[in-house]
Amino acid sequence: MALSKLTLLALLPFFLAAPSLAVSGTGQTTRYWDCCKPSCSWSGKASLKTGPVQSCDKNDNVLANVDTKSACDNGGPAFMCSNESPWAVSDSLAYGYAAVSIAGGTEASWCCACYELTFTSGPVSGKKMIVQATNTGGDLSQNHFDLGMPGGGFGIFNACTPQYGTPSTGWGAQYGGISSRSQCDAFPAALKAGCYWRFDWFQNADNPAVSFKSVACPLAITNKSGCVRSDDTPTGDGTVPTASVITPVSSTSAGMTTPSSGTGTGGATVARYGQCGGSGWTGGTTCEAGSTCQATNQWYSQCL
């Protein structure tokens, strides 16, 4: 598919400011969401300006102690934060997070680095996604991107049951997860938007192949993860806001058609994938035809 001029212009700064440890190649993707504390959330994994990757308690509040024991390590209190869910930037570009393994590298070179993926197979062929490596895994092969998306399957570990109370078999198959968009309706409010993303923007693609290259991280991604490498200078304006404490939205607001909070005044119609609400938001709140304003968290609502 041909990328729009707007998307190409949005990607240009990331190419110009790519990290010094540049890599590229072809690879594979899978999907997961195990709720475990990400491996790049521990101290000492890489040389960082800020970080490591934030982890959260079971109520989705960011933990101050970066070395808090993982919920996947005999029941520790640290979990993956809900804001590591993916989101659409445009019809042809998305942002998100992934467990990563690149040939010739180690966690020191992967953790908190960003990669631009171009999907080369399946219904998303031609679309692009920029992901930050927040996790790694001994079960990953070379040039492997395990994309984080709620409902993508627990894989080896399951911390979602202690974090959200979901049945151990309640979110689909262990590998691959749920199979229909309607199953997202029963997810915790903080995870619904990321779950719907899989069936909307990602078109329920099943492990599409990719080409990839290192790029500078978008500020919108590092603002959420809290992690910036020493060899990276994030770019962009950080359009998606975050806060030091992440509070899940109520279940009644997940499918909302008005902003979750803020002082938006209506104004011009907001295009699909644009921001339409959130705490402090003063822009438009009316989505274009065919989309509705849905809350990701109390700080950000998006036309989907």
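Colleague: What is the handedness of the link of cysteine 35 and cysteine 160?

Modeller: This is a predicted model, in which local features need pLDDT of at least 70 and side-chain atom pairs pLDDT 80 or more, while totals for chains, interfaces and linings use all residues. Residues are numbered from 1 along each chain as its sequence is written, and side-chain values use heavy atoms, with hydrogens and water left out. A disulfide (a pair of cysteine sulfur atoms within 2.5 Å) joins cysteine 35 to cysteine 160, with S to S 2.0 Å. The angle about the S-S bond is 95°, and the link is right-handed.

Colleague: How many residues apart in sequence are the parts that cysteine 35 and cysteine 160 tie together?

Modeller: Helices (H or I, at least four residues) and strands (E, at least two) are DSSP runs, numbered from the N terminus. Cysteine 35 is in the loop between strand E1 (24-32) and strand E2 (48-50), whereas cysteine 160 is in helix H3 (residues 160-164), so the parts tied together are apart in sequence by 125 residues.

Colleague: Which handedness does the disulfide of cysteine 287 and cysteine 303 have?

Modeller: The S to S distance of cysteine 287 and cysteine 303 is 2.1 Å. The torsion about their S-S bond is about -85°, so this disulfide is left-handed.

Colleague: Where does cysteine 303 lie?

Modeller: Cysteine 287 and cysteine 303 link distant parts of the chain, 16 residues apart. Cysteine 287 is in the loop between E10 and E11, while cysteine 303 lies in strand E12 (residues 300-303).

Colleague: Is cysteine 287 buried or exposed?

Modeller: Buried means under 20% relative accessible area, exposed over 50%, and partly exposed in between (1.4 Å probe, protein chains only). With a relative accessible area of 14%, cysteine 287 is buried.

Colleague: Which element gives the most to the lining of the second largest cavity?

Modeller: On a 1 Å grid over the protein atoms alone, a cavity is a set of points where a 1.4 Å probe fits but cannot get out, and lining residues have an atom within 4 Å of a point. Of the eleven residues lining the second largest cavity, those closest to its centre are Ala88, Ala193, Trp197, Gln302 and Leu304. Strand E3 (87-90) and helix H4 (189-199) are the elements that give two or more residues. With three residues, the most comes from H4.

Colleague: How many disulfides does a search of the whole structure find?

Modeller: Besides the pairs above, cysteine 276 and cysteine 293 form a disulfide, with sulfur atoms 2.0 Å apart. Over the whole structure, the number of disulfides found is nine.

Technical notes. On a 1 Å grid over the protein atoms alone, a cavity is a set of points where a 1.4 Å probe fits but cannot get out, and a pocket is an open set with protein on both sides within 12 Å along at least five of seven lines; lining residues have an atom within 4 Å of a point.
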